[in-house]
Structure formats: structure tokens, C-alpha cells
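Hello,

Here is the structure for your files. My notes follow below it.

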Protein chains: 4
Amino acid sequence: MMTVLEVDLGLGGRGLADLMDRLAEMGREARLVSLEGVRYVVVHGRVSASDLSGLPVRWVRSTGASYPLVSREAGVCGPVRVGSVEVGGGDLVVMAGPCSVEGRDQIVCTALGVKEAGASILRGGAFKPRTNPYSFQGLGGIGVGLLKEASRVSGLPVVTEVMSPEDVEWMSEEADLLQVGARNMQNFPLLREVGRSHRPVLLKRGMMATVDEWLQAAEYVVSSGNPGVILCERGIRSFDRATRNLLDLSAVPLVKRLSGLPVVVDPSHGTGRRDMVIPMSLAAVAAGADGLIVEVHPSPKDALCDGDQSLDLDEFRDLMGALGALTGALNGRWEVPSWERVAMLA
Amino acid sequence: MMTVLEVDLGLGGRGLADLMDRLAEMGREARLVSLEGVRYVVVHGRVSASDLSGLPVRWVRSTGASYPLVSREAGVCGPVRVGSVEVGGGDLVVMAGPCSVEGRDQIVCTALGVKEAGASILRGGAFKPRTNPYSFQGLGGIGVGLLKEASRVSGLPVVTEVMSPEDVEWMSEEADLLQVGARNMQNFPLLREVGRSHRPVLLKRGMMATVDEWLQAAEYVVSSGNPGVILCERGIRSFDRATRNLLDLSAVPLVKRLSGLPVVVDPSHGTGRRDMVIPMSLAAVAAGADGLIVEVHPSPKDALCDGDQSLDLDEFRDLMGALGALTGALNGRWEVPSWERVAMLA
Amino acid sequence: MMTVLEVDLGLGGRGLADLMDRLAEMGREARLVSLEGVRYVVVHGRVSASDLSGLPVRWVRSTGASYPLVSREAGVCGPVRVGSVEVGGGDLVVMAGPCSVEGRDQIVCTALGVKEAGASILRGGAFKPRTNPYSFQGLGGIGVGLLKEASRVSGLPVVTEVMSPEDVEWMSEEADLLQVGARNMQNFPLLREVGRSHRPVLLKRGMMATVDEWLQAAEYVVSSGNPGVILCERGIRSFDRATRNLLDLSAVPLVKRLSGLPVVVDPSHGTGRRDMVIPMSLAAVAAGADGLIVEVHPSPKDALCDGDQSLDLDEFRDLMGALGALTGALNGRWEVPSWERVAMLA
Amino acid sequence: MMTVLEVDLGLGGRGLADLMDRLAEMGREARLVSLEGVRYVVVHGRVSASDLSGLPVRWVRSTGASYPLVSREAGVCGPVRVGSVEVGGGDLVVMAGPCSVEGRDQIVCTALGVKEAGASILRGGAFKPRTNPYSFQGLGGIGVGLLKEASRVSGLPVVTEVMSPEDVEWMSEEADLLQVGARNMQNFPLLREVGRSHRPVLLKRGMMATVDEWLQAAEYVVSSGNPGVILCERGIRSFDRATRNLLDLSAVPLVKRLSGLPVVVDPSHGTGRRDMVIPMSLAAVAAGADGLIVEVHPSPKDALCDGDQSLDLDEFRDLMGALGALTGALNGRWEVPSWERVAMLA
């Protein structure tokens, strides 16, 4: 059991010191977390409002979860703003773009194409985590610059992966959304560093991570000061290699029940097969996902990375059309038939 | 590589003997399979029509799959009729009912309730495969009789599990669809025995079976003489026990691409949680499933088995309503947005 | 919690009826099990000796395990006799022979060869569970006859797999040890049928089975009347296909701690690679296994099944030599350094 | 296919430039790697010595492995020296100590105790990768200092985990062996940074990493300039949670066959249970491991981390005694019965 409380700062600093003293007297470990100017205290164990009478506390909420700040019970985390786009607010958000930024023409062309088809965020990898040291490792800083240019030209905000704690600060100036990749889901120094950034974070699920571990990884980011976490299900590892990974769509309703965080699905890495991207995208939305992140390349057969799972622009337009038909059906707008709102659909 | 050919019986028995002789001369292992009066020959390796000129062969088709008869390339298997219901023909089929038949009132009440809500097949277990020898093992033959009675009262065809080869013959007289459970997916004597039955078979995926192994299990049934196989994805085993099993929805478009068999999804066993049945049902349909099999109990908290994952009748009506909204959107009928027809949706 | 008690039959049948009545009055489900003339009662929940005063009870033992009869706490199961060989009694037992019986010369030659090298039980498959319906399915009844002949010639008892409940009775007359294969570990009708046999059973772990499920499967056999169960670890399924299966040697000390059953290890199926059979055999013995079951073929490259994982007779002699050096080191005899006796080794 | 060649530097720098030019003319990607003063070139694809006649090349070796420098075929990597201890040279090396450094007395007492019992390297965590942000995270820099002091007092070299690339340089001055933890096995910036260090690296296998991915991670380190990699099998994730992880001992003979790197086994994390550490240690050595890394705490019940899997000093002495009996048997010295030398044992 853990407890979160919101500090009432109207009473000034003295009250906060008194509160921390009271918790210390009670023998409770407590951590102060500041999220966008609001102060919260995370306390081990259960604390009730009556234990803290006379102290500057707006509310006190306890949870059995090991990730109190991101838990649904606390109600601290919710929809996340990426540039002018809101993720988790009800409208389906589609992020699209190539696995890797390969050059100016490729990324600008893709940006304009996916925007025209209805995508609202541009994705593109500059620092690539590759299993083999001799594989193409991405264009690095140059790639980030090209992505930034594609963003300016298209007007789309961009998401790209950051791999090293030391790159977080400068990349926060260039990207609108920082991706933490599946292999880094438990890279705790990196989680703490993006937690100190002012940019929102797209946290991919590790290929070996339980849902519980994933939410604890999100708690690392939030407890470091950054409430803007978007979860991304991208497939886990299984015994069957018929698909590259095993897309766990049941994680979508599960994390929405357990936490307040938005969740998007990556059907490209989740399946590794272009011909499965459309059905699994539809399935993800039907399961309640707040968005998708899809690999799109102007010419998949020439891609330096992951061409087998990339859509071309025509296929991406087909996907957007299919999504429109699906979501349009649900009250004439991008309403996702989540487990909570299912009665409304009938 | 394997080859399937259809025998042209118009030429009489002599021609068939000649054909088998020719294959033997070519040094090819060949097996004759009779499906609803049509004779097929399955041959190891590639054979072309020109190798068999002058022999009674309608067509010859080769495939790289290790399950030639159920492969999409052969085109032998397709929609399956269960009583008056067709599975895989375009209309979504919902099978519903309790985990176990517990008594007359329970099963008749459930049958009438699920029928009224729109289900078209009644499910109910009489022989229950239980992990523990001291758990409730089902009502056995008595349960089958009660199920039959519920079928008469409601007019719904019924599906129930058969566990022993020796039970196949008599249960084929009582049930409209024979279920082979996940634990028996590679019980080869049972597969061969249901393959000799005239009843269609619902073949659940083993909890640790690859898609390739699942289709080979289906091939056991079909190569024994029964073309009526419906696949059922019911969740596989993973490292994360947050859900009872891991529902692998990517298997839906995959098996539809690889084979001609219909596929239904079991979100009840697939998640083990009542609150996830609706979102995962919607996701299954969006992924292209031909149907669902859902646990429904008039009073889940009193169920002898699997109450945690059973819907009550109100919840089941909610599910059917949500499915109606989803599928209604797609051209005003129960059309599944499969990977092949996705362009039509746009 | 479950309870096992031994009935004191000296008091005659009346006492037993009184005992069952008392348990029924207490509202306890109870099952009477007869093992080699001794009567046990398995009761749900905890029962103490004082609850049963005046009744014919020798002892009462409770356990938290869901497999009371095979649990270590009950002390009912122990070493198993196969012909004149004792498994689990302290001496390492090596079972060896081909994957499949292919003909008279092959099986007799192998029998004599493995006996000369020190094996004490002959293995050989006649009914083969094959993933594909068009693969070689074994010689069936003819194979069982050949195995019997090899047994007569060599003097070795034999183990072979039984796949169908209807084959159990006649095969019990031919084989000394009945194998239940990994795919049938939860084939409950088969488990009950071998439980009614007078022959001991080699119960392979399912490739998807937890240790807990495996021991419950053993409980099916024992609670049906047969105390002679030998467990066999043969590798489970994992995400890494570098080896055919993942040999779980930690299961060896674990099941020895949890139950009284002997356990042997199959390094051939467990790795699928001939070059790993010797190191993994040594490791299995060091972990405390009571025996090994190893595939040996006079000419592995010609084997109809599993040649890649079979040793030839020279390699088998090398294995036996290596085992001798390992076990000889431990007090000059085949003593296994199990977790319990480890202090003695120092 | 990849090729490794050793440059003959006797011919001076001009020859090296010519060699790289020739490879470029051949259209081959090539990377120059310097390992302890010796220069190697890694080339994509197959190159033969005759392609490079007249150029300064000592030898040319091709391999199908995607990790050419660590492959057995190249013969570049081998035993690793840690302080005065050689790992992989034939003598079994035991690393022991607490999960976390908790204070001066704890670590010095453990160091002296494990040394007296026969350990040759001291382990202790200062930076701890913890799943939950509110768990004890280790003493950090202070812990490294205490470990260094325990090293001075006991004379044992020390191994400790490094989590951040920015910590590698200073920790290389303090520790004799740098551990990369399981969660960081594919933290590529960290792998490259320890690859630029002069200290050897203990590379733990990721809990969901294939053997192939593990060896490619080792290739990241070596191709960055550091040939001193010791692999550590510490258990992978499986569906069965009866043990904390699933210790994959078959990985031991497999990596010894595929690569020249030494491999040690961690039975503490591999099982998570104190009572299984001794049997699994014996099994690891029997499978051919070059060493063990074992958690030992003077008072496991008071440990801040992983007490359930830690031995106390008495138990550790029992383990060392058991290992002595096992290895003493094999020619009277610490000779491991690897798959290659098994004939010698007979």
C-alpha cells in the first residue's frame, strides 16, 4: 500500500516543512514530487487525512499499486499534450513515419505524405538501438536536425528515440516527444533523466516486461518530475516467431484500468509484417487505444531498417480510411469503444 | 513442399488405382483422403499436372505449408456449417454459455437468455479438463443430456468438449459441434477420431502451440476425413500473469492468410477477467475474427468453474450491443474488416 | 490445504465406513484411494488426528500442496521399481535406446549395446506422437513386439510410450514402464487409465507445464490407484530456439523438495543436439537427478526420427564413462549430490 | 558471413592504409579494431587470404556468426584476467559477496569470510537497478568506496555493477571487473563505453535475450576495443514462476562452442532460492562453467535486498566443500567436464 497526497501551497513553505516533519515523526518514508508547479508527497504505507489534520493537504489517496503517481486511484496523470496535439483526450492520434531518418528528401516527403493522410505526429529514428554492432546505427545528431526540418515544413510535432542520459537535454530542445525504447524500459538512469525534462515521454514496453513492471518504469519518470508519460505497447517476446513480436492488445484495457496514462499501440514492431498492420491497428483501436504509432516509408523495399514492416504512403492512406470507417461508426467521431464506455455504444 | 490434387471420379475406380500407381512409380508417398464424397490425394513434394497427364485429376496445387489440405493455396477448406449456422461465411457468429453445465435450470435459462440477446450457438462443458484431480470434473453424460435439452428448448445448436476418443461416436449424436480443448490440441488419437466423425470440430489452440503446430493439428482432423474445422484462439501462455492467458489476436489475420479455415476467439479464457471480455471481443472482430465464444452464466459468482471470467446476461447484452455498433458501421452488416477487404472500408 | 490419512485396516470394513461417515458429517469431501493394498483417504482442508479419535486411522498429515498424495509431507510415494531396477533408491539409473523402434536388428543391436555400456532400462518408441500427420508415426503394435523381443534378448526392462487410453491394458502386459509423453501430460483420461494399471509410469513434463501442474498430473495417476510415478524433465518451451527445448534443471531439486517422486532427465529432447547430451547429462546428475533417459541409435544419421539428438554407441560409452567418473567421485559410488546430502560431500 | 583478419603491423602504417583501401575498392564495409595493441579488421562478407595478397595480413578467418570477434572461429577472445585471477583458464573461479554493499562492517566481514572459504573475487552492488523507484537504490559512490576498502583488507579483486555510461571512467579506477546487468544487456551506449575501458567486463545475459543476442552484445564491447568479456548466465524469464528466473544451463556448453569467451553462472538470481544454490552450482560446474557468482550475506534475513537467495557464510563454506569434492574428482584439480574434454574423464 502506498499513499499520494497533494500539498496545499497556499499556506506557504512553513506548512510543507511541518508536513514532512509529521510524516517523519510517524516513521514514514516520504518523497516530495513537483509536477508542473503542483507538489505531491508519496508516502510508503497507508496514511489517512485524519493523520494529517491541520497540515496543508488538499487530498490523500491510497493505492495497492506499486506505482502510486501513475495509478488510476491517485488521479494525478492523464492526457498528455505533444505540441498542439492531445493524446488520451478522446481523439485518436496517429503517429507515423520511417523507422530511420535516412536523408532530407525521405523524411520531408514522408512528413508531408502522412500529414496529408491524417497523421498528427511524425516519427523517425536518428539514434537506433541495433542488436548488431555492425548494422546501420542511424544518422544521430544529423538525423535529429533533419527531423526538425521535416517538422517545420509539415507543421507536425515529432517523436524520436533518445538512448543516452547525456543526450536528453539537447534533444528536449529539438523533439516534441522523447521516445524511450523497449530495450531501455528499465534503463533507470535514462528514465530519471527524461523525468527531469520538460518534454513528454513515449515509454515503450520492454519485450520482457510485465504490465506491472512497465507501470513502475512510468513511475520512475513521473516521480522524477515529468507527468507527461504516454505508454506504448509494441509487442512482447513469445515462443512463436511467426510474428516478430507478440502484440499484447489485452494490455490496452488493462493499463487503462490500472492507471491514468494514455496508451498507444505500435502494430509495426508488434507484428513485423506489413500485411498485418491494418487489421491489428483496427483491433488496437477497438480495444481502446488512444493512438497508434506506425512505420511508413516512401519506398519500403529501399528502407535501411525494418522495411518488411513499413507501409508505403498508399497503404497508409488505406489504413487511415479504415480507421475513419471504424471510429466514425462510433457516434460519428473518433470515439474509442473502451471497456468503460461500452454501454454508450449499444 | 507438398501437393494436393482432386481426383476426377467420373472416370471410375480404375482411374484412381492408376493414379496411385503412377505416384508410387514416381517414388512419392501419397495419401488418399475423402471429404464429403470428394477424393483428394496428398503427395509429398511437388507434382505438376503434366506429371499426371492422362490420369483422373481435376486440379493439382502445391504449397510450402506442412498442412496442405487446410492451406489457403489448396482451397479445400472453407466456411463450416453448424446446424443451420454458417461460420466463416461473412456473418459474425457468437457462441455463448456457461463454462460448465451445472443443472437443468442453469443451462436452459442461459440458453434462452443468450439466444434472446443474439447468440447463435450454445456452449457448455460436460466433460471438464481440470488441472487438479480433486476439482469438479463436470456432469459428464448427464451434462450432455441437459445441454441437448437446452438445445431443443432454445433452438440453438450446441458445442461441447470431448476428451476421450471413445466418447466421440456417441457425442457426435448429441452435439452439433465437438470441441477439442487446448490441452488436447496435440492429442493425436483424439484428433484422428474426431476426424472420422461427421460433426464439425472446434479446435482450440494449445496454450504453448505455435500457429504452425495449430494448423498441423487441424490437418490431422481434415486428413482423417472431416473438413469441418473451426479454429479457436483462446490465449497462449506468457511470462506475465496479469491476465490468465495472453490473447494472441495477431493469430487471427495470420491464420486467415495461411489457411482457409474460419477462426473464432475466446476472450473469456483469453483474459480470465470479466471486465476485459468486451474490449477484447471488439478487438477480435476488428482483427477479422469470424466469431466469438464467450462464457455467460446467469449468476457468475455462484459458478462452479471460471466465474471470474463469465459475463452475466446483462453484460452479455451489452456485449452484443457493442458488437452491433461495431459491425453495423461496416457497411451496415456483420462484415469483418479483415486484412483482405480493408480497402472496401475506406 | 489438503489432508491425507492412512486407514488402519486391522479393524475391518466397519471402521472404514465409520470413518467416511465421520468425514461426511464434518462436511468434508473425501476420496478413498487404495495403493498396493494400503488404503488412504484424501480430504479437502485440514483435519487433525483428534478430529478422528476412535476411528481406524494410522496417521494424519496435512499439506498446502494441491497434490497431497505425491507431496513430500505425506510420504506416500517414493522409489519406484521397474522390473528388477529401482529408480530413486540412490543408484543412478540410465535408460537408453532409439527414438523409434525401426526394425528387429536395430532394436536388438541397440539393446545389447546399451546394456554392455551400463544402461539398465531400454527405451524405444512404437506409438509416436508426431506434429505432422504425414510424418512416420511409429511401428505401433509391431514395434511393441520387437521391443519385447529386445528385452528378452538383452534382459533389460523396457519403457515405451502409450498414447491412447484403450491401449493401456494390453501395453501393460508388454512394457515394464509406461511413458506418458509431454503432449499428453494433461490428457486426463489417459492419466486416469495408466493410474488403473499395475505398471509404473514415466510422466514427462509438458512443454508448457509449470512444476505445480506437473505434480498435479502425477496426482491424477496416483489418486487413480498407481503409486509408481517417475517424473521426467525433458525441456520446456522458451523464446530462444537455439536449442530444441530449454532443459530446466532447476526443476530437479525443486520437485525433490516438493514431492517424494523420483525424477529423471532427458537431455536428448531437452537440447535436441547430440553435442550437448554429455554436458547436460553430467549437469543433471550433479543437480540431483535419479536417472537419465538418453536417445541412442546405432546409426543416428539413418534414424527415422530425432537423429540429430541421438548418440551412437561409442558416444554412449563415453557418456557412461563420464558419468562413472562424476559419480564415482562422490563416495566411490553412484551417489547424487542432491541439495539435501550436500553436507556429506564436503 | 563475416570475416576477421589480423593486421601485420611490422610493415608500418602505410600497409594498413593500403589494406583499408583494398577493402574499400572491393566494396566491403570494414571496421578497424585495436585490442591490446593488436589490430584487427572486421569485414562484411567472406574475404579470402588470396584477395589480400601483398597486404599486411597475418591471418584471415570467416564465420557465419553475427559476432565475428567473439566467435570461436576467429580465436581472438579467450581467458580473461581480473586482478591476479584468470577466468576461463581451467581453474574454477568463485565470485561471492552480498547483493548490496550496506556498510563497512558488512562488506569487510563478508570479504574476509568468503576469501577464507576459497572465493577469489568479491562481489557487491553499489548502484542497484531496482524495478521500483521507491526501493533502496544502493549506496552509490559511497558503496564503491567501501567495496574498494574491503578489497584492500581482503586482497580480493572486486566486481560491481555500472549503470551509466558517465560512471564508467571513474569506476574503472575503483573496480577490477565491471558488471553490466541483465537489464542493460542491450544498453548499447553503455556497452560501447565499457568497451572503451581498460577493465574487463562481466556481461550478464538479459532475461529475455537469446544466446545469439547475448553474443552480439559481447561483440559491441569487444568491437569497441575491450577483449576482456566474461559472460554470465543468470536465468531467463519463463512462464513458470516457481523459481525467480529459469537458469538456462544449456547456455553454458552452447556459448563455449560458439565463442571463445569464458562463462560463469549466477545460481542466486538464477533461482531466487537459497536452498537451490548448491545443487545448481554443482550442475553449472558439471555443465562446463568457468566460474560462479554467488550471493553471500553475513545475515541474509537482515539483507536490504535479495536475502531470500543469499547464502550465509556457513552455507557458503558447504558450497565450496561440495565444489571441491566435485571438481577434485576430475583428475584431482578444478577441471571442468566440458563437452570437449569429456573423453578424458572416462
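How much area is buried between chain B and chain A, and what share do carbon and sulfur atoms give? About 3,400 Å² is buried, 76% of it from carbon and sulfur atoms. Buried area here is the accessible area (1.4 Å probe) lost when two parts are put together, summed over both.

This is a predicted model: local features need pLDDT of at least 70, side-chain atom pairs count only at pLDDT 80 or more, and totals for chains, interfaces and linings use all residues. Residues are numbered from 1 along each chain as its sequence is written, chains are lettered from A and ligands numbered from 1 in the order written, and side-chain values use heavy atoms, without hydrogens and water.

The B–A interface: 40 residues from chain B and 40 residues from chain A are in contact (heavy atoms within 4.5 Å). There are 4 salt bridges between the two chains (Lys or Arg side-chain nitrogen within 4 Å of an Asp or Glu carboxyl oxygen). One of them joins B:D275 to A:R257, with the closest N and O atoms 2.6 Å apart.

A:Y40 and A:W59 have ring centres 6.0 Å apart and planes at 45 degrees, so they are tilted. Both A:Y40 and A:W59 are buried (under 20% relative accessible area; exposed is over 50%, partly exposed in between; 1.4 Å probe, protein chains only). In chain D, the rings of D:Y40 and D:W59 are also 6.0 Å apart at their centres, with planes at 45 degrees, so that pair is tilted.

Best wishes

Terms used:
Phe/Tyr/Trp six-rings, centres within 6.5 Å; stacked < 30°, edge-to-face > 60°.
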